Amino acid sequence: MQFHNFAIIAHVDHGKTTLVDQLLRQSGTFRANQQVMERAMDSNDIERERGITILAKCTSVAWKGQRLNIVDTPGHADFGGEVERILSMVDGAVVLVDAAEGPMPQTKFVTMKALALGLKPIVVINKVDRPDARPTEVHNMVFDLFAAIGANDEQLDFPTLFASSKQGWAAAHLDDERKDLAPLFDLIVRHVPPAVGDAEAPFAMLATTLEYDPYVGRVLTGRIHAGKAKLNMHVRSLSPDGRVIEHARLTKLLAFRGLERVAIEEAVAGDIIAIAGLTETTVADTIADHVVAAPIPTMAIDPPTLAMTFSINDSPLAGKEGDKVTSRVIRARLLREAEGNVAIRVREADGKDAFEVAGRGELQLAVLVETMRREGYELSVGRPRVIFKTDSATGQRLEPIEEVQVDVDEEFAGIVIEKIGQRRGELADMRPSGGGKTRLTFHVPTRGLIGYHGEFLTDTRGTGIMSRLFHGYAPYKGTIEGRNNGVLISNSGGSAVAYALWYLQERGPLFIDPGTQVYEGMIIGEHSRGTDLEVNPLKEKQLTNIRTTAKDEAIRLTPPRLMTLERAMAYVGEDELVEVTPKSVRLRKKLLNPHERKRAERTAEAEAG
Ligand SMILES: Nc1nc2c(ncn2[C@@H]2O[C@H](COP(=O)(O)OP(=O)(O)OP(=O)(O)O)[C@@H](O)[C@H]2O)c(=O)[nH]1
Ligand SMILES: [Mg+2]
């Protein structure tokens with residue numbers, strides 16, 4: 001049997017996981033009566049809630065006697081670190097492009113990576129069923145994209161299918177019968193070269209993804225480069241620089257079969273499998289027979305651009321909602337994350353009990369915090385900040401710049417250009433993109449984009465589409481105006497009272513409901529002016545006014561602006577923190593005591609002056 005290993009790559013939401021559903025279904029992988037959810041490969045909770053793929057996942061189907069190993073990849077740029085490494089495991093790529101949206105920034109990014117590795121992609125123009133689909137035009141755009149990013153002649157000669165992953169069909173021509181995915185299956189078998197690998201050579205495999213299984217422990221997935229993996233075989237692992245990491249026994253071999261993994265006794269070169277039994281080995285390490293002396297070469301991953309400080313929760317409400325609160329458990333959890341997640345880096349920060357976690361973007365960091373709070377952790381996190389670099393030749397400070405592509409109705413183009421301009425972004429291109437929409441391309445400092453997405457959605461009444469992609473480092477663009485408003489800070493602790501909030505809401509929008517537990521130094525709302533204001537959200541109505549209680553009942557509060565984790569992360573200032581527990585997201589001043597805050601302010605002024 002031959003293996004055809006390929007990854008499905010695309011911009012976010014172009015339909016990769018939906019296509020995998022249909023590949024599984026139409027290859028007869030499911031039992032006849034099996035109940036299968038939509039986007040079945042998006043199996044973790046956060047993936048299902050957000051409707052996006054976060055972790056790349058493998059599956060495998062049989063087609064006409066051949067085995068197709070499929071890797072579903074995440075399309076969101078923050079999770080792009082996965083895609084680069086995944087591509088080194090496969091011999092082919094299916095590039096999916098939405099027939100209405102056309103190629104988007106992440107299409108370009110992943111296609112560039114695939115071309116650079118010498119893969120010959122198959123292009124699938126997907127969502128042809130959309131009423132606003134323009135498949136022929138998009139096909140031409142894909143060709144232009146391939147040419148622009150340096151595809152060689154062979155790669156430029158890519159085969160194309162038109163498809164609807166939702167309806168489960170693919171066809172070579174738009175007027176062909178729209179029946180099933182057989183044209184895609186057949187094309188994959190024809191076009192993705194069968195995996196080669198010497199089955200008689202000593203065993204060697206590159207670990208590409210890592211996860212923890214409650215039963216078998218560390219599970220490493222990768223492609224067998226050479227030889228055979230056998231159950232209970234003795235192996236050793238080598239780091240990318242050739243150091244021996246450990247000697248171990250393969251206690252479990254797992255093959256991917258549809259949505260399941262099945263235990264197997266043996267696997268041969270070319271196949272993609274998961275193994276257990278190693279305890280120290282991680283992503284990018286080589287697992288091999290003892291006679292193998294050199295590790296399998298692996299690719300460098302683009303460095304992280306955004307960092308955030310994680311520290312213990314030391315608020316007065318700490319430890320009430322979570323059971324994982326000490327710096328020791330937080331540290332262990334973060335190190336574990338950094339091990340399996342190639343795009344995350346963790347280091348001990350200067351402060352006590354604090355860690356600096358660096359990643360690819362706000363969403364990636366927010367997903368990590370969200371995952372941890374669901375596991376029972378309590379944390380404080382600071383405002384995300386970009387990672388600067390110094391130009392070694394000139395000594396100049398450099399900052400990360402992103403390419404931002406925006407599709408908006410013409411009427412909103414003005415406000416978007418203005419807002420991005422304030423954030424030191426430069427308009428690189430502007431053109432009509434059909435249907436009364438305008439496509440704007442900018443180069444914007446990552447710094448200026450923190451927290452912008454929410455504002456963008458408000459400004460475009462939820463109709464705008466924005467995507468971003470790391471572009472490179474460039475000289476520092478100068479200061480960017482931060483939040484204009486101060487905040488309302490509670491001056492005492494207890495349960496917030498409706499009557500007090502009713503008075504306070506004149507000062508600015510509130511973040512809490514009556515009954516919310518507050519403490520001294522907690523941020524409960526925004527001040528409509530530029531300064532911070534200490535307020536008392538606990539103040540009850542004077543007892544002498546007892547006769548008006550009937551009116552009290554009628555107190556109408558403006559609905560509070562409740563803070564989600566991501567909103568809070570983008571909102572907090574330098575001297576503020578987001579307190580995260582399994583049940584709550586609170587905003588607070590780093591220094592809770594007003595006298596300490598004053599003192600710190602004076603010191604800062606003295607230093608500046
Ligand atoms: N009309 C139409 N909608 C589709 C099609 N394929 C997928 N969708 C929809 O597009 C949305 C995104 O689909 P997914 O399969 O999750 O996209 P994805 O590429 O896996 O997204 P990420 O993994 O987050 O990058 C879902 O709402 C799908 O129902 C299609 O062929 N036609
Ligand atoms: Mg997906």
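Guide: Let's start with a packing picture: the buried residues of α5 pack against β4 (92-98), α4 (105-116), β5 (122-126), α6 (153-156) and β6 (160-164). Contact here means heavy atoms within 4.5 Å. This is a predicted model, where local features need pLDDT of at least 70, side-chain atom pairs count only at pLDDT 80 or more, and totals for chains, interfaces and linings use all residues. Residues are numbered from 1 along each chain as its sequence is written, and side-chain values use heavy atoms, leaving out hydrogens and water.

Visitor: Which residues of α5 are buried?

Guide: Buried means under 20% relative accessible area, exposed over 50%, partly exposed in between (1.4 Å probe, protein chains only). In α5 the buried ones are Pro 135, Val 138, Val 142, Leu 145 and Phe 146. Seen down the helix axis, they fall within an arc of 95 degrees, so they line one face of α5; the arc is that of the directions from the axis to the C-beta atoms. Asp 144 and Ala 148, on the other side, are exposed.

Visitor: And strands: how many residues of β3 are buried?

Guide: In a regular strand, side chains alternate between the two faces of the sheet. For β3 (residues 66-72), 7 of its 7 residues are buried. One side holds Gln 66, Leu 68, Ile 70 and Asp 72, the other Arg 67, Asn 69 and Val 71.

Visitor: Which strands are joined to β3 by bridges?

Guide: Two strands pair if DSSP finds at least two bridges between them. Strand β1 (residues 3-10) runs parallel to β3, with 6 bridges, and β2 (residues 57-63) runs antiparallel to β3, with 7. Helices (H or I, at least four residues) and strands (E, at least two) are DSSP runs, numbered from the N terminus.

Key: Chains are lettered from A and ligands numbered from 1 in the order in which they are written.
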